Amino acid sequence: MRYLPKSPADREAMLAEIGVPSIESLFETIPTEYRLAHDLNIPRQHSESEVLDCFRAFAANISSGDAVELAARPAGKLFASFLGAGAYRHYRPVIIDSLVQRGEFLTSYTPYQPEISQGTLQAMFEFQTMICELTGMEIANASMYDGSTGAAESVLMACRVTGRQGAVVARTVHPEYREVMATVTKHQEIPITEVGYVAETGRVDLAALDAAITAETAAVLIQSPNFFGTIEDVAAIAEIAHKKGALLIVSIAEAVSLGAVKAPVEADIVSLEAQSFGVAVGFGGPYCGVIACKEKFLRQMPGRLVGETKDSHGKRGWVLTLSTREQHIRREKATSNICTNQALVALMVTIFMTVYGKQGLQELAAQNLAKAKYLRDALLASGAKTKFDGTPRFHEFVLTGAASAAAMNARLLEMQIVGGLALAKWYPELGEGATLWCATELTTKAQMDAAATVCAGVFERELVGAK
Amino acid sequence: MADTKFIGTPKKATTHVNQNEDLIFEKSSAGKKGYRLAQLDVPAVDVASLLGDAARTDDLGAMPELSEIEIIRHFTRLSTWNYAIDLGMYPLGSCTMKYNPRINEAVARLEGLAEAHPYQPESLSQGALGIMKMLSDCLVEITGMDTITLQPAAGAQGEFTGILLARAYHEANGNPRRKIIVPDSAHGTNPATAAICGYEVANLKSNELGMVDLAELERMVDDNVAALMLTNPSTIGVFESDIHKIADILHAKGALLYMDGANMNALVGKTRPGDFGADVMHLNLHKTFSTPHGGGGPGSGPVACKKILEPFLPSPVLKTNADGSLGLDYNRPQSVGRVRAWYGNFGMFIRALAYILANGPDGLRQTTEDAVLNANYIRAKLEGTFELPYKSRSLHEVVFSDKLQAKNGVKTGDMGKRLIDYGFHAYTVSFPMVVHGAMMIEPTESESREELDLLIDALKQIAREAEENPELVQTAPHTTRLQRLDETTAARKPILRWKAPVAATELTPDSAAKEW
């Protein structure tokens with residue numbers, strides 16, 4: 001086996017030094033009846049070239065990973081995709097991969113020994129600083145698993161801060177984030193109340209929100225831009241929440257929006273999914289969640305934190321700090337059971353934020369807005385209708401007008417185009433034809449025009465059918 | 001003159017650029033750029049008029065502005081301050097710091113996988129689902145379980161999912177029960193997990209061998225107990241030989257055996273938890289299956305279980321359609337719910353499967369044997385130099401204590417730091433808690449005999465230093481860029497982000513150098 005650095009003679013010599021006759025004797029503590037007497041029934045040992053072939057086949061959408069099958073069925077190239085909904089395709093500068101593939105970053109452990117981990121620690125400190133700057137919060141942790149678990153952990157955190165048990169969550173929050181939150185809060189007896197949105201604006205229904213908050217509400221959780229791409233009125237929601245002593249948690253699924261959309265400074269806690277900053281959509285993970293908040297909530301923050309300090313000679317350096325909140329010290333009394341975070345992905349995010357920087361993040365967000373506006377206009381011209389028209393939005397919007405989202409997407413797929421995400425599964429009130437469309441800086445005019453042409457055909461046919 | 005020997009060299013003690021890299025913010029200058037956006041092929045928009053009150057009006061404050069070469073140098077310099085497996089051995093017990101094969105990284109970046117959107121139609125996702133299916137089948141076979149979910153994002157989330165499965169199972173039988181038993185030798189995540197699943201934690205004391213005390217367990221297990229969370233081999237690296245009796249005691253009262261798979265690197269290909277009585281377990285793909293630690297993540301924590309727990313798996317579940325194609329089943333009325341958006345850390349599934357394919361059944365077995373051989377070799381060579389509190393046969397790791405050195409005031413933490421001066425990462429310090437002054441060493445299979453001999457020599461030398469010159473060890477490390485860091489002040493007066501200097505004086509190279 002090519003990863004194993006021992007010759008047969010090494011093994012024999014080592015067994016002799018240990019003083020046992022065979023390798024089997026080292027496994028004697030495992031009762032014989034439970035020791036495997038045969039090979040595991042898994043694929044045989046593959047060469048590196050065979051491993052590569054196998055995954056090339058998978059990458060070409062062959063379900064078995066069989067290279068023979070690949071040769072017989074060359075893959076069609078997808079022309080365009082308009083999917084977003086919490087997983088966004090943005091350009092990923094090449095240097096991100098060059099840097100994170102350095103073994104010193106890729107193959108290092110959690111920086112518990114700061115003297116030999118200053119690289120990871122300083123980069124995390126820079127990450128924390130940049131996240132604070134973008135979100136308008138005072139402190140940020142060194143990452144959470146992703147946006148969904150970060151949102152759930154934020155609710156738990158708010159309960160610890162306020163001593164209340166309960167949260168009010170907007171229905172405009174990503175449906176899968178809400179599902180995760182339900183799983184996590186259920187067994188801690190934290191009731192979750194959902195509040196709807198105003199049918200015209202696609203924003204949280206403020207009157208319903210006001211009515212839903214009780215003396216036991218620890219936090220109001222919203223997403224902005226929300227799942228429909230609409231920007232919530234964070235200041236108004238904060239006022240309603242704070243008036244009743246609840247905290248406001250703002251979940252942000254599209255980090256690129258922060259280059260154009262006002263930071264949610266009125267929030268107490270921000271839970272950000274930073275995947276857009278240089279991380280591949282990669283079929284849903286790994287991504288990079290992060291929690292940022294007001295400094296006064298520091299002791300209730302979950303996850304790892306990097307702090308500045310000095311060494312014994314007075315040199316500036318960094319350490320993991322405030323670990324008394326964490327499970328390896330507090331055990332069952334910890335703020336969370338989280339241990340591993342997303343350090344390497346957070347590093348990718350840090351490099352992305354550095355590459356674009358102060359100017360670039362603003363220009364990037366503006367390009368996303370321009371593309372989404374063009375796409376929306378093109379689809380409207382094709383005969384589609386859009387929802388929530390008067391409300392400011394970032395780069396996603398809800399399209400209606402088709403009789404069936406499935407039928408429209410099937411037509412688009414014939415042209416190698418993946419259309420918007422069908423919404424009826426989570427929002428049946430929007431109808432069977434409702435879809436969520438997204439354009440980013442990578443979406444081209446040609447792709448958008450092509451999609452609009454297909455849609456025009458669909459609407460024309462539906463019109464004819466109706467007559 | 002005292003100064004003469006510095007003629008022709010800078011007067012500052014050190015200005016070594018690589019060693020004194022500033023924070024990125026301190027290197028930033030207004031107007032520099034490390035990017036260029038593609039030419040816009042649609043009409044530009046005015047952000048302020050489009051977004052109105054929602055538009056951002058500040059200038060993003062401290063966000064840095066640098067050119068590409070400066071960014072490359074900054075992060076490359078930072079990287080040189082890290083220790084890493086690629087540089088040498090990590091004898092970190094319980095962490096399984098093995099080689100991270102580069103083919104894993106190559107295949108994870110193939111465009112069809114890296115660019116696959118989680119919501120794209122299933123017809124376009126057959127390759128991605130195929131990876132999940134093949135990995136699931138392999139892990140089910142390796143663990144001897146019946147089924148699996150890949151959704152949990154890391155080990156701790158795997159534990160959470162596993163205990164939720166146990167809870168749902170008991171609820172379906174009429175009563176979720178109240179308690180989870182956790183041995184005192186367990187990882188901190190175990191009791192933390194039990195607590196967030198709404199369970200009381202009952203601590204089980206280990207016996208004099210560091211193992212589960214069967215009589216005590218028998219006394220504790222009643223029909224209020226939902227499960228025992230057991231790490232096997234235990235955190236002292238010893239297989240629980242009475243594992244089937246442990247399972248029997250639990251099962252007799254309707255309780256389940258949860259196995260923490262953190263130490264699975266000792267078992268793969270040699271024995272299967274599903275065969276010896278475990279009902280549910282998590283795996284750490286970033287330990288046993290070679291996905292990189294990356295300075296603390298991402299991990300991935302699949303949960304394998306027996307058929308009785310299958311109805312409760314997180315939604316969605318992978319399914320094979322009638323036509324042989326793969327799909328996702330969301331119709332799971334008894335599911336514990338979702339623990340993470342989408343399907344888990346897919347990028348880690350690719351890497352773990354690449355590792356399994358590269359090994360095959362013979363390679364995985366040899367890997368386990370080498371890991372166990374290495375730990376026992378270290379044990380044989382260092383027993384006597386360090387106290388060995390538990391004499392039971394070690395599998396993949398060995399736990400010594402600092403008892404012999406503590407007489408001279410040298411503690412496990414000191415010796416761990418001193419190991420850094422010899423070019424190694426420290427071993428795991430002060431864990432498991434059942435061993436006072438624990439020195440926990442897990443070499444993994446990735447170390448050659450030559451590398452092991454170097455570690456052994458280093459530790460013997462350190463033991464000698466502890467006798468002859470304790471202060472040398474107590475003040476280690478001495479060869480690193482920074483010496484011991486003041487963690488107390490860091491926690492007492494937390495500085496968690498950089499802030500621009502209050503006075504608007506630009507940092508000059510001189511004022512920046514003063515820091516050092």
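Chain A splits into domain 1 (22-72), domain 2 (80-88 + 362-466) and domain 3 (94-353), with bounds taken from an automatic or database domain assignment. Keep in mind that this is a predicted model, where local features need pLDDT of at least 70, side-chain atom pairs count only at pLDDT 80 or more, and totals for chains, interfaces and linings use all residues. Residues are numbered from 1 along each chain as its sequence is written, while chains are lettered from A and ligands numbered from 1 in the order in which they are written.

Now look at domains 2 and 3 of chain A, whose C-alpha centres sit 30 Å apart. Here 22 residues of domain 2 touch 23 of domain 3, contact being C-beta atoms, placed from the backbone, within 7 Å. On the domain 2 side, helix H12 (343-381) and strand E12 (396-400) of chain A each give two or more residues; helices (H or I, at least four residues) and strands (E, at least two) are DSSP runs numbered from the N terminus. H12(A) gives the most, with 6 residues.

Over in chain B, helix H12 (residues 412-421) packs on helix H13 (residues 449-468) at about 125 degrees, axes 10 Å apart. Axes are lines fitted to C-alpha atoms, for helices over the stretch in contact, with angles from 0 to 180 degrees between N-to-C directions. So H12(B) is oblique to H13(B), the class left over once angles under 35 degrees (roughly parallel), over 145 (roughly antiparallel) and 65 to 115 (roughly perpendicular) are taken out. B:Met415, B:Arg418 and B:Leu419 in H12(B) meet B:Ala458, B:Ile462 and B:Ala466 in H13(B).

Terms used. Contact = placed C-beta atoms within 7 Å.
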